[in-house]
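Here are a few friendly notes to read alongside the model. Please keep the structure open as you go through the points.

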Amino acid sequence: MTTTEAGKEEKNIWKVVRVVPENHDVNSVFLEGADEKFSVRRAGQFASIRIPGPDGWSEPHPFTISAAPEDSLLRLTIKKEGAFTSAIPDLKPGTSVKVMGPLGVFCKGIDEKPEIVMIAGGVGVTPFLSVLRHFRNGKARNRVLLFWGNKTLSDAFCRDEIREMTRDLDLTVIHCLSREDDVGGYFDGQAPQLLYEKGRLSADTLKRHGATREAAFYLCGPPPMMESALKELEALGVDPATVEEERFIWKK
Ligand SMILES: Cc1cc2nc3c(=O)[nH]c(=O)nc-3n(C[C@H](O)[C@H](O)[C@H](O)COP(=O)(O)OP(=O)(O)OC[C@H]3O[C@@H](n4cnc5c(N)ncnc54)[C@H](O)[C@@H]3O)c2cc1C
C-alpha cells in the first residue's frame with residue numbers, strides 16, 4: 001500500500017512486479033497491491049488502470065484480470081493496439097499503477113454450469129483464461145469446450161499452460177485458424193484434447209466438436225468476430241439472447 005504526502009493510504013495504487021511477453025504483440029503485466037476488494041473478485045471480471053506519464057496519470061483503460069481469483073498478484077494480459085497498450089511492455093518493476101475495480105459481471109455463476117462452451121477471438125480469451133485457472137485451482141469437473149479464433153497458431157498465447165489444463169480439466173480446445181492453409185500437422189497424440197480447424201468458427205465446427213444447445217455459451221472477442229459467431233450459434237439453434245457476452249469496447 002502506498003502512503004501519499006497527505007498521509008492518506010491509497011489502496012488503489014499497485015506496483016508492477018514484472019511484465020512478461022506472451023507473444024509478438026501481447027504482454028502480461030503482474031501487479032501487487034493491498035486493495036482487499038480484489039481478494040473477493042470473480043473469474044471474468046476486469047479492472048480499469050491508469051499508468052504514469054509525462055503529464056501525470058493517463059486516462060483509465062479497462063482490462064480483464066486474466067489471473068485466477070485465488071491468485072494474489074493481478075495479471076492483465078494486454079494486446080498492443082494504440083498508445084496506451086503499446087506503453088505496457090516498457091513498464092518497469094516498481095512502477096506505480098492506479099487500479100480501479102473489480103468490475104463487470106461476465107461469467108458470473110459459471111461454476112454452476114455443467115456444460116460450458118467458450119468462444120474467444122484473439123485476446124478475448126482473457127476472461128476464459130481466468131475461469132480455467134480458477135477451475136484448475138478448484139479441480140472443477142465442468143465440461144468445457146473452448147473455441148479460440150486466431151489468424152495463426154503463433155497468435156495463440158499461453159499454449160503450454162493450456163495444454164497442461166487439457167490434462168487436468170475436462171477441457172477440449174479447438175483452435176480455429178483463419179489464415180492457416182494446413183492445420184493437419186499440429187495434432188499431437190500426447191495432447192488429444194487440443195484440436196485444430198482451418199478458417200473461422202462455423203456452425204459445422206461447433207457441431208462436430210460436440211457443442212449442443214443445452215450448454216451455457218460465453219463469447220468474447222472483437223466486435224466483427226462476435227457478430228459472426230452469434231450468427232453461427234443461431235444456425236446451431238442457440239438463441240443469441242442466451243449467449244453471455246463481453247465486448248472489449250471502451251468509452252473514452
Ligand atoms: C471490459 C473490457 C475488458 C477488456 N479486456 C482486455 C484484455 O484483457 N486485454 C486487452 O488487450 N484488451 C482488453 N480490452 C480492450 C482495451 O481496453 C483496449 O484495447 C485499450 O484500452 C486500447 O487502448 P490504446 O490507447 O492502446 O488504444 P487506442 O489508441 O485507444 O485504440 C486502439 C485501436 O482501437 C480502436 N478504438 C478506439 N476506440 C475504440 C472503441 N471505443 N471501441 C472499439 N475500438 C476502438 C482505435 O481506432 C484503434 O485502432 C478490454 C476492454 C473492455 C471494455
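Between which helix and which strand is the loop with Lys139 found?

1. Lys139 sits in the loop between helix H2 (126-137) and strand E12 (143-150); helices (H or I, at least four residues) and strands (E, at least two) are DSSP runs, numbered from the N terminus. Although not a glycine, Lys139 has a positive phi of about 50°. Lys139 is exposed, with 8 other C-beta atoms within 10 Å (exposed means 12 or fewer such atoms within 10 Å, buried 20 or more, with C-beta atoms placed from the backbone).

2. A word on the basis: this is a predicted model, in which local features need pLDDT of at least 70 and side-chain atom pairs count only at pLDDT 80 or more, while totals for chains, interfaces and linings use all residues. Residues are numbered from 1 along each chain as its sequence is written.

3. Please also look at Cys158, in the loop between E12 and helix H3 (159-168). Cys158 is not a glycine either, yet has a positive phi of about 55°. Cys158 is buried, with 20 other C-beta atoms within 10 Å.

4. The peptide bond from Gly101 to Pro102 is cis, with omega near -5°. Pro102 belongs to strand E10 (residues 96-103).

5. The chain is assigned domain 1 (2-103) and domain 2 (110-247), with bounds from an automatic or database domain assignment. Their C-alpha centres lie 26 Å apart. Contact (C-beta atoms, placed from the backbone, within 7 Å) links 14 residues of domain 1 with 14 residues of domain 2.

Key: Contact = placed C-beta atoms within 7 Å.
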